[in-house]
Amino acid sequence: MSDYDSTNGDASLSPRMNSSSPSLQPAAQPEHHQSGLSPIIRKKLMGFVGFANLPNQVHRKSVRKGFQFTAMVVGESGLGKSTLINTLFNTTLYPAKVPLPPSAERPSTVAIESISADIEENGVRLRLTVVDTPGFGDFVNNDECWKPIVENIEARFDSYLEQENRVNRQKIVDNRVHACLYFIQPTGHSLKPIDIEFMRQLHTKVNLIPIIAKADTLTDEEIADFKARVLADIEHHKIQIFEAPTYENEDEEAVAEAKEIASKIPFAVVGSDRIVKTPDGRDVRGRAYPWGVVEVDNEDHCDFVKLRQMLVRTYMEELREYTNDVLYENWRTEKLINMGVVQDSTVFKEVNPAVRIQEERIMHEAKLAKMEAEMKMVFQQKVQEKEAKLKQSEEELYARHREMKEALEKQRLDLEDKKRRIESGRPLTPEKGVSTRKKNFLRG
C-alpha cells in the first residue's frame, strides 16, 4: 500500500524518470510493531507500479472459477419457504407443491432435502444449493426436532475437514451451510419455545437470519411491535444472528446502507413468483387481494428487497467468509481438541526479541537453579550415605574392641588363677597315674 506525505509532494513522475523505472522514496521514519519485529517503512510511490490492478485480477479469477453458496431454510410447513427461495433467485428451484390427501401417510421425522442449480447472471456463475427441512415443527411432539438439522450441518463440516486432510486437495467442494433462513410464524406476540431452542442450538454453527413469514397478515404497527419482541427474545437468550459488517474507511453511502439493513432485522417478507397487475396497470410480482395488491419488490410493502440486498447483492461473500473463518474454525478447533490434538501456542507466534531473550534468560536461570538444587540434594544424599557407613564401621570397631577386651580379661583371670595354684603348691593339672589307681581300687 502507499502512504502519501504532503511534505514530499504528490505521486507524479519525476522529471528524471520514466514510467518504466519507478522508484521509492522514504516518506517517514520507520515505525516499529509493538511486538518488536521488523519495522514498517512507509514509502511514497514516485511512479506507477501496477499492484493497484490486483482487485481486477481477483475479479477475473473469481468469475472464471465461479461461486458456491448453500442456504438452508427452516420453518413450519405453509410459511412460504419454497416460494421465497424462488422469489429471491428469480428462478423456479421448487415446483408448486401438491397438497397431500387426508389419507396419505405423513413422515414422522424431520427430513433433510437438498436441491442444487447452476445459475448465471451477467457472466457470473453461481452454484446455488438450497437445503430444505420438511417436517420441522409439524408434529405433536417436537422434542429435539432440531437434532437432524444440527447433525446435517456438522456432517457438512466433517466432510470439508476430511477434504482438507487429503493428500490431494485440488478439488475441494464447499458444501457447508453459509446461511440459515429461519421462518417465524407471524403470530404478533413473541418467539415460541421451539423458535428459541432451535436458534440456541444452531447460532454457533451457522449464520442465522430470522424472517417473519407472510408479513402481509400483519399491519405496519403489528410488524414493528413483533420485531421489537423478537429482538428482545434474541438478546435475552444471547442468540447471535448475522449482522451486516462495517469496515473502516467506507463511504457514507455504504455505512448508511448497512445501518438500514440492520434496522430491518428480522425481515418481514412476502414471497410470490406470480405476476399480478396493479390498479395503475403495472405488472409486478406480488399477491392480489380484494383490498389491493402487495408488491414483493416494493420496500413500502415488505422487507424482501433488503433481505435480497443483504443475502445476495451485498453480503453473500461476507456470509461465506464468516462461515469459513469463524464458525467452521471454532467447530474445527473444538473437534480437534476433543480428539486430543493440541496446538503448540508458540508456533507462528510473533515474539519481541527483547522479550524472548528475557524469557530465555529467566528459563536459563531457572534451569541453573534446578540443577543446583539437584546437585545439593545429591551431595546431601552422598554425605548421609557416608555418615551411615562410618557409623556402621564405628559400631563394628566398638564391638570388636569389646570382644577383645573381654577375651583379655578372661585370660588375665586364668593367669591369676594359675598363679594362685602355683603359689599354693597345687598342681595346675591332675596327675594321670593317681587317677588311674583310684579307679582300679574302686573296681576291686
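In which loop is K205 found? In this predicted model, K205 is located in the loop that connects α4 and β7. Its relative accessible area is 16%, below the 20% limit, and K205 is therefore classed as buried. When neighbours within four places in sequence are set aside, the contacts of K205 are V150, I153, E154, F157 and L327.

One of these partners, F157, belongs to helix α3. The relative accessibility of F157 is 0%, so this residue counts as buried. Apart from residues up to four places away in sequence, F157 touches R176, K205, L327, Y328 and W331. The C-alpha atoms of F157 and Y328 lie 6.9 Å apart, although 171 residues separate the two in sequence.

Aromatic pairing was examined next. The structure contains 8 aromatic pairs. In one of them, F157 and W331 adopt a tilted arrangement, with a centre-to-centre distance of 5.3 Å and an angle of 45° between the planes. Because F157 is part of helix α3 (residues 147–164) and W331 is part of helix α8 (residues 316–338), this pair ties together parts of the chain 174 residues apart in sequence. F157 and W331 are both buried. A further pair is formed by Y160 and Y328, whose ring centres are 5.3 Å apart; the planes meet at 85°, so the geometry is edge-to-face. This pair likewise links distant parts of the chain, as Y160 lies in helix α3 and Y328 in helix α8, 168 residues apart. Y160 and Y328 are also buried. Together, F157, Y160, Y328 and W331 make up one aromatic cluster.

Within α5, the buried residues are I223, F226, K227, V230, D233 and I234. These residues cover an arc of only 130° around the axis, which means that they lie on the same side of α5.

The largest nonpolar core has 75 residues, and the members that touch the most others are F136, F198 and I209. With neighbours within four places in sequence left aside, F136 is in contact with V74, G75, E76, V110, C145, W146, I149, Y182, I194 and F198.

C145, one of the contacts of F136, has a relative accessibility of 5% and hence counts as buried. C302 is likewise counted as buried, because its relative accessibility is 4%. A disulfide is a covalent bond between the sulfur atoms of two cysteines. With a cut-off of 2.5 Å between cysteine sulfur atoms, the count of disulfides in the model is 0.

Definitions and conventions: Residues are numbered from 1 along each chain as its sequence is written. This is a predicted model: local features need pLDDT of at least 70, side-chain atom pairs count only at pLDDT 80 or more; totals for chains, interfaces and linings use all residues. Side-chain values use heavy atoms; hydrogens and water are left out. Buried means under 20% relative accessible area, exposed over 50%, partly exposed in between (1.4 Å probe, protein chains only). Helices (H or I, at least four residues) and strands (E, at least two) are DSSP runs, numbered from the N terminus. The arc is that of the directions from the helix axis to the C-beta atoms. Contact means heavy atoms within 4.5 Å. A nonpolar core is a set of buried Ala, Val, Leu, Ile, Met, Phe, Trp, Tyr and Cys residues joined through side-chain atoms within 4.5 Å. Rings of Phe, Tyr and Trp (its six-membered ring) pair if their centres lie within 6.5 Å; planes under 30 degrees apart count as stacked, over 60 as edge-to-face and the rest as tilted.
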